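Please keep the structure in view while reading.

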Amino acid sequence: MVIKMDNAVEAVTQEESKKWGATGSTLKMIAIITMLVDHTAAIVLERVLWAHNFSSVTIYWVYVVMRSIGRLGFPIFCFLLIEGFCHTRNVKKYAGRLFLFALISEMPFDLGFSGKLFYMQYQNVFFTLLIGLLVLIFFRYIGEKKEWNSSLCFIINCVALVGGMCLADFLRTDYGGMGVLTIVWMYLLRKNKMLEAGAGCAVLTLMSWSEVTSFLILLPIHRYNGERGWNLKWIFYLFYPAHIFLLYIVAYGMGLGGIMLR
């Protein structure tokens, strides 16, 4: 009877933990908000700084703080990408959505960061996420080849990873090859969510010390309960190009639209 009561209490405790934990939609909203803060600084405030030759110390430090907050966005989206990959019923449709919105987002992205409708020197983050996802799909395909030698599979996976990183760098996607490496490294450590998130932040920090604030994602990841939460699947897809375009309109209205940032 005592054992049964203990098991019942443990089950209730786990259920309460799930109920009060952070859902996938909670993480997505955190990422969306931090991304908005980051892009407001990158698209509007950076143009203000360039227009004033970086003479305003106050605006500069507001810019720095906002960009630091924005470092939380990308690793959370990598985390959610991996969750989606592991649980989606149709990974081809998942990849198709990323590709579609990579194309849709490119013109607003080019306007936001270069002031031009077409700018091939810098591509939006959907391309990085898509390349990372394709590498994971390839990993899964190779993992299913049970008859293959494990050493051969390891070598092929390494080649696929390097190929994905080189492709991202060649296309000059946001976060580039290190972004793809972040996704893959987090995927390989997905059995432990905190280790997964910490490893991803470590890779990003190796890319640039400005990414060190990304480690703050460990706080919401620690509370992640594995639940989907609200159905916000299309919110990020639509919000990404829409908010970048609107921020550019703000910059344009301030007479700063022609300033090239990248």
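Glu-196 is buried, because its relative accessible area is 0%, where buried means under 20% relative accessible area, exposed over 50%, and partly exposed in between (1.4 Å probe, protein chains only). Helices (H or I, at least four residues) are DSSP runs, numbered from the N terminus.

The model is predicted: local features need pLDDT of at least 70 and side-chain atom pairs count only at pLDDT 80 or more, while totals for chains, interfaces and linings use all residues. Residues are numbered from 1 along each chain as its sequence is written, and side-chain values use heavy atoms, leaving out hydrogens and water.

The whole structure contains six salt bridges. In one of them, Arg-67 pairs with Glu-46, with the closest N and O atoms 3.9 Å apart. This pair links distant parts of the chain, since Arg-67 belongs to helix H3 (residues 57-70) and Glu-46 to helix H2 (residues 24-51), 21 residues apart. Both Arg-67 and Glu-46 are buried.

Glu-211 forms a salt bridge with Arg-71, the closest N and O atoms being 3.2 Å apart. Glu-211 is buried at 4% relative accessible area, and Arg-71 is buried at 8%.

Note on methods:
A salt bridge is a side-chain nitrogen of Lys or Arg within 4 Å of a carboxyl oxygen of Asp or Glu. Helices (H or I, at least four residues) and strands (E, at least two) are DSSP runs, numbered from the N terminus.
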